[in-house]
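Here's a walk through one protein model, going from the overall layout down to a few local details. Have the structure open while you read.

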Amino acid sequence: MKKTFAVLLCCFLASVGRAQDQTNHLASRANKAPGSPGYMEVKDNDKAMDGAVDHAQKSLGFFIAALAKKRSGDERFEIKKGFVDGDVVEHLWIDHLVWDGQKFRGRINNEPADVKNVHLGQSVVVNPRDVSDWMFVKDGKLMGGYTTRVLYGRLSPQQKAAFDQEAQFTIQ
């Protein structure tokens with residue numbers, strides 16, 4: 001099955017740069033299609049991406065604790081989950097998170113490009129075992145975002161500069 005990690009850069013930026021209750025992406029980031037900014041396909045056997053997902057799973061307890069405490073300077077808590085539609089998997093970010101002690105509840109924060117059975121703003125429930133990544137911003141620095149870091153590392157210097165200019169956080 002082909003895995004598609006959409007929503008990485010530009011669409012991820014749209015999620016961190018918009019008002020908390022707004023569901024629209026900026027126009028330049030809304031049109032996510034193969035070949036357009038913010039859309040990256042990843043093969044099933046991508047070892048770096050597999051490692052990033054594994055790291056996110058192993059450190060999910062840290063994220064849950066941070067979400068529960070929400071200390072000063074902590075913002076934009078999101079998780080990523082792969083949504084399946086036939087033989088297509090697309091990983092989408094989920095915001096407006098609530099952890100009930102067993103599952104996450106939240107809202108899809110990206111316009112899907114490949115899967116048609118979910119949509120932007122849809123409420124979803126996510127089992128912890130289905131989380132493919134997590135992130136939050138702490139004092140302007142990205143925490144987690146392991147899949148984002150892998151894909152960021154694959155960008156050209158010009159793409160990195162554009163990302164860094166628009167991002168409201170730094171990747172260290």
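## Ground rules

Before anything else, a word on burial: a residue is buried with under 20% relative accessible area, exposed with over 50%, and partly exposed in between, using a 1.4 Å probe and protein chains only. This is a predicted model, where local features need pLDDT of at least 70 and side-chain atom pairs count only at pLDDT 80 or more, while totals for chains, interfaces and linings use all residues. Residues are numbered from 1 along each chain as its sequence is written, and side-chain values use heavy atoms, with hydrogens and water left out.

## Overall layout

The chain has six helices and eight strands. Going along the sequence, you get β-α-α-β-α-α-β-β-β-β-β-β-α-α.

How much of the chain is tucked away? Of its 172 residues, 47% count as buried. As for contacts (heavy atoms within 4.5 Å), take those in the chain with a separation of 6 or more: residues 24 or more positions apart account for 63% of them.

## Helices α3 and α5

Two packed helices are described by the angle between their axes and the distance between the axes. Here the axes are lines fitted to C-alpha atoms over the stretch in contact, and angles run from 0 to 180 degrees between N-to-C directions. Helix α3 (residues 47-58) packs against helix α5 (residues 146-153) at an angle of about 155 degrees, and their axes are 8 Å apart. The two are therefore roughly antiparallel; on that scale, under 35 degrees is roughly parallel, over 145 roughly antiparallel, 65 to 115 roughly perpendicular, and the rest oblique. The crossing of α3 and α5 is right-handed, a label used if the near helix is turned clockwise from the far one by less than a right angle, with anticlockwise being left-handed. On the α3 side the contact is made by Ala-48, Met-49, Ala-52, Val-53, His-55 and Ala-56, and on the α5 side by Tyr-146, Thr-147, Val-150 and Leu-151.

Which residues of α5 are buried? They are Tyr-146, Thr-147, Thr-148, Val-150, Leu-151 and Tyr-152, which is six of the eight residues in this mostly covered helix.

## Aromatic rings

There are twelve aromatic pairs in the structure. Rings of Phe, Tyr and Trp (its six-membered ring) pair if their centres lie within 6.5 Å; planes under 30 degrees apart count as stacked, over 60 as edge-to-face, and the rest as tilted. Trp-99 and Phe-104 make a tilted pair, at 4.7 Å centre to centre and 50 degrees between the planes. Trp-99 is partly exposed at 26% relative accessible area, whereas Phe-104 is buried at 0%. Phe-163 and Phe-169 have ring centres 5.8 Å apart and planes at 75 degrees, so that pair is edge-to-face. Both Phe-163 and Phe-169 are buried.

One aromatic cluster takes in Phe-62, Phe-63, Phe-77, Trp-99, Phe-104, Trp-134, Phe-136 and Tyr-146. Phe-104 belongs to strand β5 (residues 104-108). There's also a charge over a ring, which requires NZ of Lys or CZ of Arg within 6 Å of the ring centre and within 35 degrees of the ring normal: Lys-81 lies over the face of Phe-83, 4.4 Å from the ring centre.

Which non-glycine residues are worth a look for positive phi? Lys-70 has a phi of about 40 degrees, and Arg-76 has one of about 55 degrees. Lys-70 sits in the loop between α4 (60-69) and β3 (74-85) and is partly exposed at 49% relative accessibility. Arg-76 is in strand β3 and is partly exposed too, at 25%.

His-119 is in the loop between β5 and β6 (123-126), partly exposed with a relative accessible area of 45%. Not counting residues up to four places away in sequence, His-119 touches Ile-108 and Pro-112.

Conventions
Helices (H or I, at least four residues) and strands (E, at least two) are DSSP runs, numbered from the N terminus.
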